[in-house]
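Subject: The structure we talked about

Hi,

Here is the structure I promised to pass on. Have a look at it first, and then read on for my notes.

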Amino acid sequence: FLLLGLILATHRRLLARLVQATDRFREGNFAVRLAAGATPEAQAVSHSFNGMAGDIEELLTSLKTSQRQLGEQLNETVHMQQALQKLSWQNYNDVLTGLPNRAALAARFEQELFLARERQRLLAVCLFDLDHFQAINDRHGYDVGDQVLRMIASAMEQTAGPGNLVARLAGDEFAIALAAPRSKVANAWILAEELLTAVTRPMEVDGKLVQIGAFL
């Protein structure tokens with residue numbers, strides 16, 4: 001009976017250690033291991049538990065590594081897509097003003113020319129050249145000059161309205177493609193004069209009153 005009692009007590013202690021280790025494992029402590037017991041039974045249980053725990057820990061570590069690598073690949077893909085989108089945007093837009101650039105104007109002009117022929121309407125292209133713009137840069141600095149260009153671009157877009165394309169060709173040169181029915185040719189001239197007025201209107205930039213001339 002004494003021997004049986006010792007065996008039962010040993011098994012109870014082993015079972016308690018196994019339950020404690022299992023609970024810790026469930027709580028996320030995947031590094032927990034059972035110490036090798038003194039009896040063959042305890043050693044067998046420890047060996048089985050430790051082998052299972054080691055396999056699961058290795059699997060989880062591998063999954064975390066794969067997840068991290070996948071996240072890094074996704075971030076690289078997103079950054080690459082953003083870079084490509086930015087590059088694509090810069091191919092057809094002016095970085096300073098956000099207006100379409102010369103390439104965009106050429107592509108749009110071909111499209112509008114086809115539509116003008118098909119729909120029997122006129123297509124007018126107005127070129128605006130700012131008068132003595134370099135003097136603003138020399139007098140007030142390039143930051144003010146850049147703000148003036150952005151304000152002029154915004155004024156042109158608002159005045160031209162939807163359906164007409166405003167583009168920045170280079171430096172202080174702008175272009176507007178105006179489409180109008182043949183019966184409303186005068187409207188294009190009126191809009192061109194309105195654009196000229198909008199461009200030459202005095203502007204306040206950083207507390208400085210700036211006015212610039214322009215010609216068609």
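A word on burial to begin with: a residue is buried when its relative accessible area is under 20%, exposed when it is over 50%, and partly exposed in between, using a 1.4 Å probe and counting protein chains only. On that scale, 28% of the 216 residues of the protein count as buried.

Please keep in mind that this is a predicted model, in which local features need a pLDDT of at least 70 and side-chain atom pairs count only at pLDDT 80 or more, while totals for chains, interfaces and linings use all residues. Residues are numbered from 1 along each chain as its sequence is written, and side-chain values use heavy atoms, with hydrogens and water left out.

**Confidence and layout**

The pLDDT is the predictor's confidence in each residue, on a scale from 0 to 100. Its mean over the protein is 81, with 89% of the residues at 70 or more. Helix 1 (residues 2–26) has the lowest confidence, a mean of 68, whereas helix 5 (residues 142–160) has the highest, at 91.

The protein has six helices and six strands, and along the sequence they follow the pattern α-α-α-β-α-α-β-β-α-β-β-β. Taking a contact as heavy atoms within 4.5 Å, residues 24 or more positions apart account for 60% of the contacts with a separation of 6 or more.

**The nonpolar core**

In soluble globular proteins, nonpolar side chains tend to be buried together. I counted a nonpolar core as a set of buried Ala, Val, Leu, Ile, Met, Phe, Trp, Tyr and Cys residues joined through side-chain atoms within 4.5 Å. The largest one has 27 residues, and L130, V148, I152, M156 and F174 have the most contacts inside it. Two or more residues each come from strand 1 (121–131), helix 5, strand 3 (173–181), helix 6 (185–200) and strand 4 (203–205). Helix 5 gives the largest share, seven residues.

What does L130 touch, leaving aside its neighbours within four places in sequence? Its contacts are L149, I152, D172, F174, V199, I212, G213 and A214.

**Salt bridges**

Side chains of opposite charge can pair when their charged atoms come close. A salt bridge here is a side-chain nitrogen of Lys or Arg within 4 Å of a carboxyl oxygen of Asp or Glu, and the count comes to three:

- D94 and R168, with their closest N and O atoms 3.0 Å apart. D94 lies in the loop between helix 2 and helix 3 (102–119) and R168 in strand 2 (residues 165–170), so this pair ties together parts that are 74 residues apart in sequence. Both D94 and R168 are buried.
- R33 and E57, with a closest N to O distance of 2.7 Å. R33 sits in the loop between helix 1 and helix 2 (40–92) and E57 in helix 2, so the pair links parts 24 residues apart in sequence. R33 is partly exposed at 33% relative accessibility, and E57 is partly exposed at 27%.
- R108 and E112, at 2.9 Å between the closest N and O atoms. Both lie in helix 3, four residues apart, about one turn of the helix. R108 is partly exposed at 24%, while E112 is buried at 9%.

**On the surface**

Accessible areas come from the Shrake-Rupley method with a 1.4 Å probe, and for residues only the protein chains shown count as cover. The protein exposes about 14300 Å², and carbon and sulfur atoms supply 57% of that.

For patches, I took residues with over 30% relative accessible area and no salt bridge, joining like charges within 9 Å and nonpolar side chains (Val, Leu, Ile, Met, Phe, Trp, Tyr) within 5 Å. M80, L84 and L87 make a nonpolar patch of about 320 Å². L87 is found in helix 2 and is partly exposed, at 47% relative accessibility.

**Two backbone details**

Most residues other than glycine have a negative phi. Which way does the phi of H132 go, positive or negative? H132 has a positive value, near 55 degrees. It lies in the loop between strand 1 and helix 4 (134–140) and is exposed, at 63% relative accessibility. D206 also has a positive phi, of about 55 degrees; D206 is in the loop between strand 4 and strand 5 (208–210) and counts as exposed at 52%.

Best wishes
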